Amino acid sequence: MSIIIAVSVLLGLAIIFGMILGFSAIKFHVEGNPIVNQIDEILPQTQCGQCGHPGCRPYAESIANGEAINKCPPGGQATIEALANLLDLEVLELDGEHDENPVKTVAYIREDECIGCTKCIQACPVDAILGAAKQMHTVIIDECTGCDLCVAPCPVDCIDMLPLATNITNWKWQAPSAFSDHSHQLIATDKRPAVELES
Amino acid sequence: MAFIKITSPHVQRPTKTADIMRLVIIATLPGLIAMTFFFGWGTLVNVVLASATALLCETACIKLRRRPVLFYLKDNSALLTAILLALALPPFAPWWVTVTGVFVAIVIAKHIYGGLGQNPFNPAMVGYALLLVSFPVEMTRWTAPFNLSENTWNILSFSDTLTIIFSSASDTNQVSALLDAYTGATPLDTLKHRNGLTTEEVWQTSTVMSNVGAWYAVSLCYFVGGIFLIYRKIFTWHTPIALLATLAIISAIFFAIDPDSYADPLVHLTTGATMLGAFFIATDPVTSATSNRGKIVFAAGIALLIYVIRTWGNYPDAMAFAVMIMNLSAPFIDQYTQPRSYGHKRAKQPMLKGSDTK
Amino acid sequence: MGKVFAFHGGIHPPENKHQSTQCPIAIAPLAKVLNVPVQQHIGAPAKVCVNIGDKVLKGQRIADAQGKVSVPIHAPSSGIIKAIAEHPVPHPSGMPALCISIETDGLDEWIEHSGLEDFRTLSKHQLIDYIRDRGIAGMGGAGFPTAVKLHLGDDHIVNTLIINAAECEPYISADDLLMRERASQIVSGIDVLQHLLAPSHIIIGIEDNKPQAIRALEIAIQDCKYNIDVVGVPTKYPSGGEKQLIQLLTNVEVPNGGIPADVGIVCQNVGTVYAIHQAVKHGESLISRVVTVTGDGVAKPQNYQTLIGTPFSLLLEAAGMYTQKTSRLIVGGPMMGFSIDKLDTPVVKTSNCIIAATSTEMPAPEPAQACIRCGLCEQVCPVQLLPQQLHWFAKGQEYQKAQQHNLFDCIECGACSYVCPSNIPLVQYYRHAKTSIREEQQDKRKSDLARERFEAKQDREQRAVDEKAAKRKARAEQAAKAQAEKKAIEKAPVLTPQVQLISLQNALKAANSTVLIAQQKLTDQTAQGNSATLDLCNLQLQKAQKQLEQAQLALDAFESKNETPAVDTKKLKIAAAQANTKLLKAKQALKGAIEKSQPGIELLESTISQLESEAASATTMYLAATQESTTIEKAAVTSEAELAATTPIAPAIKASNDSKDCKKLKIAAAILRAKLKKSQTQLALLGEQPPTQPDYQKLEEEITSLQQKLVTAEQEYQHSVALQPELNSTVPVKPALKSIPEQSAAAIIVDNKKLKTIAAIARTKAKKAQNELDKLIESGQQDSLVAKQLIEDLTRLNEKVLSTQNTYQTAKGPTTNAPEDENEQLQANFAKAQNLYDKASAALIKAQADNSPAVEKMETSIAKLKSRVDSAHNALTASSSNNQE
């Protein structure tokens with residue numbers, strides 16, 4: 001008899017809580033930002049195609065469908081971490097060969113070498129190159145995402161990818177140097193040899 | 001000529017971490033003297049032993065972590081931890097108890113977590129709690145105050161104290177004789193294990209309770225040290241006052257309800273480790289809450305836990321456990337007690353998980 | 001005395017003000033060169049409105065305000081503009097910025113100026129504009145344009161005007177001395193502000209460590225008719241912070257994200273008030289200020305009335321700087337000022353103090369220890385933040401949490417760093433975090449923009465594709481329709497040859513007339529000597545002529561088709577026979593189709609009938625057509641003759657024809673090359689299979705023949721290309737028209753450009769081929785056919801590059817119509833190249849110093865530039881020697 005009571009009590013509780021959960025799932029349903037949009041927000045929007053997709057949005061869609069998150073060299077490790085955080089995935093190393101710390105560059109056209117072929121204009125994913133046929137072209141620096149896509153099509157190789165120069169307006173405060181600060185290093189870094197710490 | 005380029009501010013107050021630690025150590029001196037005066041050389045021996053062990057452990061850890069040894073030793077933090085632990089230990093605790101406690105405090109509670117500033121728990125209290133759980137007999141064998149035997153200053157001689165502390169299994173008889181003569185229960189212990197007596201009866205019958213004055217004196221000394229530190233702005237009044245006030249209020253309420261089965265507020269405030277805890281343990285900045293409001297919540301929590309554990313728990317005193325439990329909740333308290341910044345209508349609410357993806 | 005409230009936190013650093021208050025304000029010596037930065041205020045930098053070499057007078061405007069939040073800049077003394085270039089400025093980055101350098105003439109000659117008789121007669125807006133034109137910006141530290149703050153009265157109700165005279169930073173005593181010595185002027189400045197803002201209450205907030213200044217001000221305000229108080233606030237840093245002073249004096253907090261005017265308060269620095277007085281009373285622009293020179297590194301700490309642009313070195317010298325002892329130079333106070341390392345940094349409108357500190361006075365910071373969360377920083381924070389939490393977040397780059405903890409409310413006063421027992425540079429962490437967050441936000445904006453632009457581009461491309469598809473569809477529909485119509489027409493009586501002839505004749509007439517018009521225009525333009533439009537007319541003429549030709553051709557063809565039967569019976573016979581055979585064939589096909597019962601029978605039948613009728617009608621229509629056609633032919637011939645007679649540009653046309661030929665040749669060569677390549681690849685493919693196949697040999701033969709052809713074609717092409725310049729150069733010799741040389745020159749320039757392009761492309765191709773070859777060699781396939789081919793290609797390409805470059809050079813040669821001009825151009829070229837090279841090498845050095853990853857790239861480009869410089873130099877010397885000859 002008692003076993004029946006126990007079972008029925010548990011069953012009753014299960015039904016009640018199930019109903020509450022089901023009710024609240026419908027009642028308090030939150031329309032979230034579609035995951036693709038959220039991923040797209042994180043991607044750097046260089047539209048460089050280095051991930052193998054024609055732009056950031058397609059890659060975002062394909063990440064949402066389970067593609068690896070480590071194929072975005074312009075975003076670097078920071079983007080991977082942000083994606084991993086968003087999607088609750090493991091942080092991966094950047095795929096393929098890439099610089100440790102990619103320097104942000106923008107395209108510069110060596111203007112007296114430009115022959116005005118418009119090939120780079122067609123290649124630019126964000127319309128950041130100005131010019132017309134047989135006229136010299138130039139890059140709108142503020143719009144350039146540094147995607148590299150204009151370099152290859154140039155028939156006379158007159159496009160350089162150069163890092164943006166620092167001047168008094170875009171100058172940035174440096175983080176306090178870690179030199180005097182090694183007491184803060186976490187346990188994982190404690191294995192580093194003494195030479196490195198002293199240097 | 002080259003001028004150095006560094007960012008502002010270009011002047012700094014000369015008070016440094018080491019100075020703060022040293023001041024706290026100085027503030028413990030009245031308590032230490034009182035302990036020695038009332039309970040014998042044991043505490044002093046413990047302090048010396050613990051300090052030596054702490055410095056050794058600290059040096060070893062810094063060496064292992066390949067850091068500049070002197071730079072870190074100079075901050076006095078290991079010394080302070082050791083002294084606080086030694087003050088909390090029973091005066092006749094065997095040497096290996098002290099050494100184990102200090103080792104746990106410095107190596108496990110501090111350096112394993114990343115060194116000074118990174119430890120989530122108060123190192124001294126971790127050491128103490130571990131000892132209390134592991135060696136209950138040694139840890140509850142408190143020395144009787146000197147006026148228990150005669151009303152003169154009669155404490156165990158220095159050599160005898162050393163014998164007790166450094167005894168090995170071979171001379172058990174001699175040691176146990178000494179121990180029998182000089183140890184007893186603490187007032188809190190007595191009140192806890194009252195064998196059905198009312199509080200009033202305990203007060204009247206127990207010899208321990210008649211000598212409660214020694215405890216009062218020690219607590220007073222800690223109190224004085226604490227006031228000194230507040231005066232020197234080492235910490236704010238929030239933590240100790242909130243702790244003592246909460247404890248007083250709770251105990252007063254229960255004492256008012258049922259004076260027969262609950263101890264009065266004075267006993268709670270002045271016996272055991274209450275004063276030591278309120279001024280020296282709970283105020284440890286590393287492991288407590290940050291803001292002033294947070295500190296009040298933190299200290300009130302400790303007081304509440306002390307009372308609960310003392311009254312209904314298994315242990316007569318509860319400072320270590322209460323502090324450690326509140327240490328755990330300090331980050332949580334910080335989240336909810338952000339102060340209202342200038343120009344804001346209300347204090348900021350903690351960040352929710354959902355909002356940080358925005 | 002009003003009531004004083006309190007703000008949270010604050011510190012009491014050693015004041016160190018007494019050193020510099022012993023002496024009165026002295027006049028700083030006049031510098032030989034004043035470097036005046038164009039940006040000394042918050043907002044847009046002023047726009048330079050003088051030129052190098054201009055003579056300027058003291059107080060003359062040398063840069064105009066740009067935009068709303070900006071102020072003009074005035075010359076601090078008379079002299080000559082020596083340079084407008086980058087120069088070190090007082091900025092924490094230590095980077096240079098645009099400065100106007102004035103070489104002073106020592107006369108200190110004022111421009112004509114006078115104050116306002118009575119400022120109350122001016123409207124408020126006029127008065128504010130007047131103040132703005134005097135270049136006045138906040139002198140307390142930030143340098144916010146004062147006019148913007150004064151306009152606040154327009155849309156805010158201002159109850160309280162606070163004059164900030166707290167000067168809470170240690171060491172600084174500029175405002176203190178100013179108040180002691182010039183209190184009445186300050187009060188007169190307050191009069192102006194009172195008039196403009198009409199506050200109900202004016203409070204002068206001053207720290208109580210300046211009793212002399214308080215007394216001086218109290219005496220000065222005795223005659224004031226309005227509600228004004230001098231309130232001493234307790235000495236506590238940072239009581240001089242705008243928000244802190246407001247809280248001290250009114251117990252009101254400026255809401256987060258708002259400005260003091262939102263709560264009815266406007267705050268002005270006492271130095272600014274003095275500047276307003278100087279401007280309104282005397283018409284003097286803001287060209288000088290009081291600067292405290294102090295610290296243990298100088299012998300006589302003192303305040304100096306200093307012209308803007310004076311280098312710090314001059315002030316320090318005047319105060320007797322111990323160069324050896326000074327270890328740190330600080331602009332501003334020790335709490336918020338920044339250190340500089342260049343002594344020629346100039347004084348700007350916001351520089352209130354310069355501290356030459358010794359190493360004992362301000363020792364280098366000790367290494368930071370671990371944060372023990374002592375909470376001292378929290379106790380002193382005037383904004384009631386949690387500095388230690390912010391520090392953890394800033395260090396861990398958890399910027400979102402940092403922002404949630406109100407990082408951006410931090411005023412960077414440095415109180416937390418000051419008290420930190422562990423020497424943690426907290427403020428630097430916050431500054432870094434703030435700039436990082438701003439950068440992140442900027443990146444975010446940029447990426448959003450990029451996304452928008454990318455999507456726009458995609459949309460556009462999609463639209464283009466859609467449009468193309470739509471057009472194609474429309475064309476297909478149209479074609480179908482046309483087909484249907486054609487069928488309908490075919491079924492209906494066809495256009496008679498007569499009608500066709502008439503239309504053709506009409507076309508010819510029209511073409512003729514256009515040619516005539518064009519010629520008329522050309523002659524007109526020639527007469528006017530308008531060379532620019534001449535070109536265009538010429539082109540039009542050519543086009544018209546072409547049309548004429550085409551019309552003629554069409555007519556001829558039509559006529560010959562229709563004529564032949566009549567003129568020649570033989571031809572007619574042949575045509576008849578052809579028609580008959582066609583008929584026969586068609587009939588046979590019909591038969592076959594019928595036998596096989598295929599579908600197209602009807603069509604065949606109709607064609608047959610059509611063919612029959614065509615054959616018949618051709619003969620009948622012929623006779624009528626002949627007469628008319630002959631007359632028109634005559635007309636055409638005469639018009640052509642006319643054309644020939646009136647075309648003075650024959651040589652030019654010839655030249656263009658030649659270039660056309662050249663193009664044709666080039667195309668032929670390209671086609672041959674493509675063929676060759678194709679067959680070579682085929683060969684290569686075959687080569688992999690057993691070579692016994694007959695195809696192989698055939699292909700090889702083909703290839704050799706093709707190669708020969710290619711070689712001849714290319715030779716021809718090059719020959720013609722080489723000829724071309726000669727042709728071109730011969731053109732101007734013919735003096736048919738005045739404008740011809742110019743035309744041909746233009747043509748040559750165009751050709752040159754083309755040649756340049758060709759050369760560039762060839763060069764790149766050669767480069768690419770070389771790369772491929774390298775790759776192949778690396779992979780050990782030297783013997784392979786492909787490699788050989790590549791080598792051939794490469795040598796060919798290289799030759800081509802050389803030849804085109806040569807032709808380019810030769811083509812360029814004859815263009816030297818005016819050697820002087822060319823010489824000049826060459827010089828300019830050379831200078832430009834040199835300049836570029838210099839810049840690039842400078843950049844390289846910098847990059848090398850910074851270990852920038854772009855160094856390699858830069859090096860190659862520098863090498864390129866170097867070669868360019870050399871070539872430019874060579875060309876220059878060559879041309880100049882030519883000229884001498």
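I noted the ground rules. The model is predicted, so local features need pLDDT of at least 70 and side-chain atom pairs 80 or more, while totals for chains, interfaces and linings use all residues. Residues are numbered from 1 along each chain as written, chains are lettered from A and ligands numbered from 1 in the order written, and side-chain values use heavy atoms, without hydrogens and water.

**Entry 1: the B–C interface**

I looked up who takes part. Chain B gives 45 residues and chain C gives 69, where contact means heavy atoms within 4.5 Å. The two chains bury about 5,100 Å² between them, 52% of it on carbon and sulfur atoms. Buried area is the accessible area (1.4 Å probe) that two parts lose on being put together, summed over both.

I then checked for salt bridges (a side-chain nitrogen of Lys or Arg within 4 Å of a carboxyl oxygen of Asp or Glu). Chains B and C share 2. One pairs C:Arg373 with B:Asp334 at 3.4 Å, N to O.

**Entry 2: helix 16 of chain B**

Is helix 16 of chain B buried or exposed? I found 8 of its 8 residues (274-281) buried, so the rest of the structure largely encloses this helix. Buried means under 20% relative accessible area, exposed over 50%, partly exposed in between (1.4 Å probe, protein chains only). Helices (H or I, at least four residues) and strands (E, at least two) are DSSP runs, numbered from the N terminus. B:Phe279 and B:Phe280 are among the buried residues. Chain B holds 18 helices and 2 strands, and 57% of its 358 residues count as buried.

**Entry 3: around A:Glu41**

I counted 29 salt bridges over all chains. Which residues pair with A:Glu41? C:Lys444 does, with its closest N and O atoms 2.8 Å apart. This pair runs from helix 14 of chain C to helix 2 of chain A. C:Arg451 also pairs with A:Glu41, at 3.8 Å. C:Arg451 is buried at 12% relative accessible area, whereas C:Lys444 is partly exposed at 34%. A:Glu41 is partly exposed at 36%. I traced a network of salt bridges that includes A:Glu41, A:Arg57 and C:Asp448.
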